[in-house]
Amino acid sequence: MVKAVIINGSNKKASRLTGIHQYVENYLKKADIQTDSIYVHELPAQDLILLNFASEEIQKANKLVEEADIVVILTPIFKASYTGILKTFLDLIPQNGLENKTVIPIAIGGSIGHLLAIEYALKPVVSVLGATEILKPFLSSISR
């Protein structure tokens, strides 16, 4: 069975990104893809900040990434980049942790110009983590 994990890089659950997260999750489930979610803001803050690779919660999240065939990365765009909380989690994914996985970056931004945040900020990090197939990024431009 194909497995997917959705990494939600928002800093809170009550956000516009939650609607997109639910849409993606429902889409994958309808396609008979086993889906798990990681809400980064729910991981222990101290473990994220201190890069605590030994943390049980971090190890559980990394296991979901390891077992996934598809990794969907969701983020709002703040100050022309993906969120800092998402960056702290990506730093905890082992080197080559995205190798042989299809990665789908999805962002919410204020304008089409924010698409560059995916191209110039997120994609290089995902590439360094070994992603071999990064699908064309999707940006939802929602007026604030």
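## Pro76 and its surroundings

Not counting residues up to four places away in sequence, Pro76 touches Gly9, Ser10, Leu17, Ser81, Tyr82, Thr83 and Ile108, where contact means heavy atoms within 4.5 Å. Pro76 belongs to strand β3; helices (H or I, at least four residues) and strands (E, at least two) are DSSP runs, numbered from the N terminus. With a relative accessible area of 9%, Pro76 is buried. Here buried means under 20% relative accessible area, exposed over 50%, and partly exposed in between (1.4 Å probe, protein chains only). Between Pro76 and Leu48 there are 28 residues of sequence separation and 19 Å in space, C-alpha to C-alpha.

A word on the source: this is a predicted model, in which local features need pLDDT of at least 70 and side-chain atom pairs count only at pLDDT 80 or more, while totals for chains, interfaces and linings use all residues. Residues are numbered from 1 along each chain as its sequence is written, and side-chain values use heavy atoms, with hydrogens and water left out.

## The chain as a whole

The chain has 5 helices and 6 strands, and along the sequence they follow the pattern β-α-β-α-α-β-α-β-α-β-β. The radius of gyration is 14 Å, close to the 15 Å that the globule rule gives for 144 residues, so the chain is as compact as a globular protein of that length. This radius is taken over C-alpha atoms, and the rule is 2.2 Å times the number of residues to the power 0.38.

Along its principal axes, the C-alpha trace spans about 40 × 35 × 30 Å. Of the 144 residues, 46% count as buried. Among contacts with a separation of 6 or more, 81% come from residues 24 or more positions apart.

## Two nonpolar cores

A nonpolar core is a set of buried Ala, Val, Leu, Ile, Met, Phe, Trp, Tyr and Cys residues joined through side-chain atoms within 4.5 Å. The largest one has 26 residues, and Ile7, Ile38, Val65, Val71, Ile73, Phe89 and Leu90 have the most contacts inside it. Two or more residues of this core come from each of β1 (3-8), α3 (56-67), β3 (70-76), α4 (84-92) and α5 (115-128). A second, separate core of 12 residues includes Ile6, Ile33, Leu74 and Ile108.

Leaving aside neighbours within four places in sequence, Leu90 is in contact with Ile73, Tyr82, Leu122, Val125 and Leu129. Leu90 is also one of the buried residues of α4, together with Leu86, Phe89 and Leu92. Seen down the axis of α4, these buried residues fall within an arc of 155 degrees, so they line one face of the helix; the arc is that of the directions from the helix axis to the C-beta atoms.

## Helix α1

In α1, the buried residues are Leu17, Thr18, Ile20, His21, Val24, Glu25 and Leu28. They cover an arc of only 160 degrees around the axis, which puts them on the same side of α1. The face turned away from that buried side carries the exposed residues Tyr23, Tyr27 and Lys30. Just after α1, Asp32 takes a positive phi of about 60 degrees.

## Thr102 in strand β4

Thr102 is found in β4 (residues 102-109). Its side chain and that of Glu133 are joined by a polar contact of 3.1 Å. Such a contact is a pair of N or O atoms within 3.5 Å; within protein, one must be able to donate a hydrogen and the other to accept it, and residues adjacent in sequence count only if both atoms are side-chain atoms.
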